[in-house]
Amino acid sequence: MVSKMVLIACAVLALTAGVVAAAVTAGPIMGPETKVSRPAFHGFYDGHKVTYLNTDVSSKADAKAMHINYSASIGRVKGLPEIYLVQGHAAAGQLAIFGSEPGEPSYSPLWSETILTWKASAKPTLITSDTQIDKIEKTGKLTERDAHVVLNCPIIKGAKRS
């Protein structure tokens, strides 16, 4: 009797393990998971730091300079949030500034690249938010221009998650 109960318990355990394994692999299968090492970058969003990857860009020259993938097709995507990059002189510790983050309705891993430039007579300050950019631009000390480039830079850490 005891051996019969042990056998039944083992069968139930095996069945349960099979159901759990099926639940873990339910959905589309992407293949085996492996680890890779790739550079990550830091940026700002609304005053806090985020970590992001830079994997693809719509400019051949930028792809070569950044050692990332060139993708012409992402350059045709419109209505993207902005990633702001300061060109020329900048405050110490300046990083990219994002116009959105994961968990917000406007978030996308694709970004429209906007170049910020401080006027020669201006003393650069550390910019950590797009709201701050708008305020500084109104003073005439900072200009922005659309680079007509799209970057694939998913934010992977330091942001709200939905």
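F98 and W111 are both buried, where buried means under 20% relative accessible area, exposed over 50% and partly exposed in between, using a 1.4 Å probe and protein chains only. Keep in mind that this is a predicted model, in which local features need pLDDT of at least 70, side-chain atom pairs count only at pLDDT 80 or more, and totals for chains, interfaces and linings use all residues. Residues are numbered from 1 along each chain as its sequence is written, and side-chain values use heavy atoms, with hydrogens and water left out.

Let's stay with the rings for a moment. A pair of aromatic rings is described by the distance of the centres and the angle of the planes. Here, rings of Phe, Tyr and Trp (its six-membered ring) pair if their centres lie within 6.5 Å; planes under 30 degrees apart count as stacked, over 60 as edge-to-face and the rest as tilted. Searching the whole structure turns up four aromatic pairs. One of them is Y52 with F98, edge-to-face at 4.8 Å centre to centre and with 75° between the planes. This pair links distant parts of the chain, since Y52 sits in strand 2 (residues 48–52) and F98 in strand 6 (residues 96–98), 46 residues apart. Helices (H or I, at least four residues) and strands (E, at least two) are DSSP runs, numbered from the N terminus. Y52 is buried, with a relative accessible area of 8%, and F98 is buried too, at 0%. F98 also pairs edge-to-face with W111, at 4.8 Å centre to centre and 70° between the planes. That pair again joins distant parts of the chain: F98 is in strand 6 and W111 in strand 7 (residues 110–118), 13 residues apart.

Nine strands make an open sheet with mixed pairing, in the order 4-3-8-7-5-6-1-2-9. At the edges are strand 4 (69–70) and strand 9 (155–157), each pairing on one side only. Two strands pair if DSSP finds at least two bridges between them. Strand 1 (residues 41–45) and strand 2, for example, pair in the antiparallel sense over five bridges, and G43 stands opposite V50 in strand 2.

What packs on the sheet? Helix 3 (residues 130–139) does, touching strand 5 (82–87), strand 6, strand 7 and strand 8 (142–152). The buried residues of helix 3 are D130, I133 and I136. Because they cover an arc of only 115° around the axis, they lie on the same side of helix 3; the arc is that of the directions from the helix axis to the C-beta atoms. On the other side of helix 3, you'll find K135, K138 and T139 exposed. Just after helix 3, G140 takes a positive phi of about 85°.

Is Q94 buried or exposed? With a relative accessible area of 18%, Q94 counts as buried. Leaving aside neighbours within four places in sequence, Q94 is in contact (heavy atoms within 4.5 Å) with F44, V86, T125, L126 and I127.

Finally, step back to the whole chain. The protein has three helices and nine strands, following the pattern α-β-β-β-α-β-β-β-β-α-β-β along the sequence. Of its 162 residues, 35% count as buried.

How values were computed
Axes fitted to C-alpha atoms, helices over the stretch in contact; angles between N-to-C directions.
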